[in-house]
2 protein chains.
Amino acid sequence: MTKAHSPADIETDPQALATASLENLYRIFTVPEAPNSTLGAIDKEISANLMGFLSDRIVARERSLTAIEEDFSGFAIPEVPQFVSDYTDFVMEKLVAHSVHTSAPGFIGHMATPLPSFMLPLSRIMVALNQNLVKIETSKAFTPLERQVLGMLHRLVYAQSDDFYQENLHNARRALGTFCSGGTTANISALWVARNRLLHPKDGFQGLASEGLPAGLKAHGYDRLALVVSERGHYSLGKAADVLGVGRNNVVSVPTDEQSKIDVGLLRETCQKLKDENVGILAIVGIAGATETGQVDPLDQMAGIAQEFGTHFHVDAAWGGPTLLSSTYAHLLNGIEQADSVTIDAHKQLYVPMGAGMVVFKDPQALGAVEHHAEYILRAGSKDLGQYSIEGSRPGMAMLVHAAFHIIGRKGYEILIDQNVDKAKAFARMIDSHPDFELITDPELNILNYRFVPAAIQTQLATADPSLQKAINEVLDRVTQRLQKQQRAAGKTFVSRTRFSMVRYSRQAISVFRVVMANPMTTLETLKSILDEQVALAARPGTKSILEEINTLIKVDSNR
Amino acid sequence: MTKAHSPADIETDPQALATASLENLYRIFTVPEAPNSTLGAIDKEISANLMGFLSDRIVARERSLTAIEEDFSGFAIPEVPQFVSDYTDFVMEKLVAHSVHTSAPGFIGHMATPLPSFMLPLSRIMVALNQNLVKIETSKAFTPLERQVLGMLHRLVYAQSDDFYQENLHNARRALGTFCSGGTTANISALWVARNRLLHPKDGFQGLASEGLPAGLKAHGYDRLALVVSERGHYSLGKAADVLGVGRNNVVSVPTDEQSKIDVGLLRETCQKLKDENVGILAIVGIAGATETGQVDPLDQMAGIAQEFGTHFHVDAAWGGPTLLSSTYAHLLNGIEQADSVTIDAHKQLYVPMGAGMVVFKDPQALGAVEHHAEYILRAGSKDLGQYSIEGSRPGMAMLVHAAFHIIGRKGYEILIDQNVDKAKAFARMIDSHPDFELITDPELNILNYRFVPAAIQTQLATADPSLQKAINEVLDRVTQRLQKQQRAAGKTFVSRTRFSMVRYSRQAISVFRVVMANPMTTLETLKSILDEQVALAARPGTKSILEEINTLIKVDSNR
């Protein structure tokens, strides 16, 4: 506002006068950003070189969160308009610079993927059209497109006949799935359907959707509902249990085996026990690509148990689902075709920008259990997608999935997936052969866990009795936490960390590094440099002195 | 795939070889779309002239949905990659051409707004960064930014002291609100909090979040829960009641008065009756900008009743919330500052692209009722936004709200809002003074309803007895439906239609046109042309012969 303006500025900058007049407001809706304006130039820079933009504009070294918060500490909506150019300067210096370079080859700590270049101009088309997928009147061709994308995903999972898809794809009374903002809402949607179908309408009961959960339990004679999943289940399942009124305590956690897969024997026992206790099993949830370890549950056997107990079988394949596109590794998900519903995120291994989750249902009438209508939209018999979705207004993200399916193709995805899995296996061998690292989970897909444990300590751990193991692991947890934080702060590379119980250590929960292999630009050299950096950080005095404590523990133990 | 390619194509098109090789896949992640490629050219076209792009590229005349579906009827994910240029041609011809021009000045039927030009390049920055707001490790500066945006919105609604915001804005143990994909998830979030707070932990009960709704009712001694809202409540409230396990039948609908506002006397009676029946009132919901009529409930009086019954008071201001930015009209929402929670959509009257809803809570500890954690993210005490949100992974849409707050400013919004309201009032006068239209709701904000009723029939309706009124209205419903469909199909202008009961007609439900005034480019001439078109359509034989039926009804009645 204090900036002096030349007439040229005024012509090129829609907000050049930066005063709130009706004329200026019309300008921001009608006059585009000039290509030579500050924002126009940034726009061109991103278009010309996305990876360069991200590497150059995001500062590597971590700034403290407290310092960043100071730039976002005003709490009044600004009274007067700001120049677009000034705002752009702020965004570049204060926001972009201190964002996270999630597509850097060394950023392998979370389920973030780089974006193919064509996603940027296609996203612009999507944003510019500003369609609202809740109803045909504000989306038109986007509605059949979304139904097609859901149909393609359904076929990938269930491989039904051509007749099936011809009959159901654009049928107003059917829905093969629903689009969501992400995997969490997809899981909630699936369990919402499962809950309503379990407590379905019957004589004198209009169904849970109408009468609610307590009335549903009474009508169906259950004491409560439960949800069964392995201890590696995603946290969204607990959230779903809360939202749906089932309660987090009723998410029954089944222990996993040495490979982090659900123990099928214990699963059957759990279900039998719940049945004996008069508990309605809302769903058994199988995991296809556990968030923490990447493992796939034995879906085939789980499907059998679900059938045995007549319960909904949901598969959370938010991460691992796209593995079905690889003829090499699709078999790892055998049994998924028996699931009643499957969650798959497009913003993960389908390389679509953030905000695209999907859930498909084997039975094209399943979503009828949550169908809803309104007078001004979503009239019964219409093809409005909002009839079945947990969300109302939402953007046309399905377009970007449609684009990726066509431009990358099944074969393209196969290559991407195969090399991610192969790279994870290569990294596992690298870790395993390094004297100072312990491989915690051998990757089945493209996620793995490990930790830094100097060779000498590894030898001691292997033969230590459980109480000494426990004490050593507690010290190692501090090492893992410290190294992970230091590495993140240094900003060159990033691995995440989690904590789970290990059969190997008498089910003690330990802290471990977690890496996710999804960036085609990550090379074996990148991976080697991550280990090298961790070794170097561990050699610093702080970590060394923590490790010393372990020697003391061992000495004390051997003197007993 | 059948296209011949010159070497130039291969250089400019990342997918020019369109075969699935690892090299080609690297290219799509590393080589940008060339500016002279098909997609590059479209990108430039949008950037240079958004409104021109939308007007030129979207075909006006409606194509049948069945015909459009044929272009989206394949159900197999394509096996081989497609050229980006070919895919772009498809998108332009089959998707963009048959989308809805939601920002056309004559498209006044739904809550769609045009986008300010700066939104396009800023959206590109957001998409390019691909941050995930669920946790700081994948969003960094976006997290404080989102907290700031929620704080600004909180202050707009609640106007607490500076000390309050300094203490709470970036406090890891507090949250002033939560960001959602839209108003529906915002409303569900608010009612989720309200439900969990009502059935809070107490002696021997760990709280609803842990133990579930049936156990919560038992512990608190209620027979069931209910949600109270006027008959004009948004359909998302019924969906929320279903999702949350409360049941749609337990959404208690209170009749509205002549002005479509909740009847406060009946609201109190309803609450008293529920209390007497031992029903826990989950929330009273006030409406600030009804979806169908735009009316604002008497929030102040409703807040008093909520307090009297000790119940959560939620205000659904998804549409009307931004009216608070206008010093002229903010007073219409008096009482909103007494709400426990308020939903406001940014993708409506804040002119942000689709996918941005928010809900703020008066009590910064309210969201603690739905707090959740996980080992690898969302650790207790962290500032990860995912601890409080119904969604998990989600994009940095808050950036676009932040941008709009700064570039448009409070004063800019005031101008936009004032002229929308003023335009709605002018349109109401235009309708009212036209002999052949009946104004159904006088606009309080910027939404109104009317219908086509030839002058002679209006006279008859006014004096007809209820049974004749009913018969005439049923015929008029068919006229309204027919005209609305014909006008939409013609593609020049668009009004929507809804159906609700009218005090004026002994609470008979009638079909009406619905218009939403939110596009600064809509002029009084646009509005006049909409009425002219409806008059012309009504003069066609089809509608004329329906109207004839009314004369027969009147004759029969007068002969009795």
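Is Asn196(A) buried or exposed? Asn196(A) is buried, at a relative accessible area of 4%. Buried here means under 20% relative accessible area, exposed over 50%, and partly exposed in between, with a 1.4 Å probe and protein chains only.

Some ground rules. This is a predicted model: local features need pLDDT of at least 70, side-chain atom pairs count only at pLDDT 80 or more, and totals for chains, interfaces and linings use all residues. Residues are numbered from 1 along each chain as its sequence is written, chains are lettered from A in the order in which they are written, and side-chain values use heavy atoms, without hydrogens and water.

Back to Asn196(A). It lies in helix H10 of chain A, residues 183–198. Helices are DSSP runs of H or I, at least four residues, numbered from the N terminus. What does Asn196(A) touch, leaving aside neighbours within four places in sequence? In its own chain, Leu208(A), Ala209(A), Ala369(A) and Val370(A); from chain B, Asp242(B). Contact means heavy atoms within 4.5 Å.

Two of those partners are polar. A polar atom of the Asn196(A) side chain sits 3.0 Å from the backbone oxygen of Ala369(A). The side chains of Asn196(A) and Asp242(B) make a polar contact of 3.1 Å. The term covers N or O pairs within 3.5 Å; within protein, one atom must be able to donate a hydrogen and the other to accept it, and residues adjacent in sequence count only if both atoms are side-chain atoms.

Now the whole interface. In contact are 174 residues of chain A and 174 residues of chain B. The two chains bury about 14800 Å² between them, 65% of it on carbon and sulfur atoms. That is accessible area lost on being put together, 1.4 Å probe, summed over both parts.

Across this interface there are ten salt bridges, each a side-chain nitrogen of Lys or Arg within 4 Å of a carboxyl oxygen of Asp or Glu. Arg195(B) forms a salt bridge with Asp242(A), closest N and O atoms 3.1 Å apart. H7(A) gives the largest share of chain A's side, nine residues.

Next, symmetry. A rotation of 180 degrees, with 0.0 Å of shift along its axis, superposes chain A on chain B at RMSD 0.0 Å. The two copies are thus related as by a two-fold rotation axis. The same surface serves both copies: 100% of chain A's contact residues recur in chain B.

Key:
Copies are superposed by least squares on the C-alpha atoms of residues with pLDDT of at least 70 in both. Helices (H or I, at least four residues) and strands (E, at least two) are DSSP runs, numbered from the N terminus.
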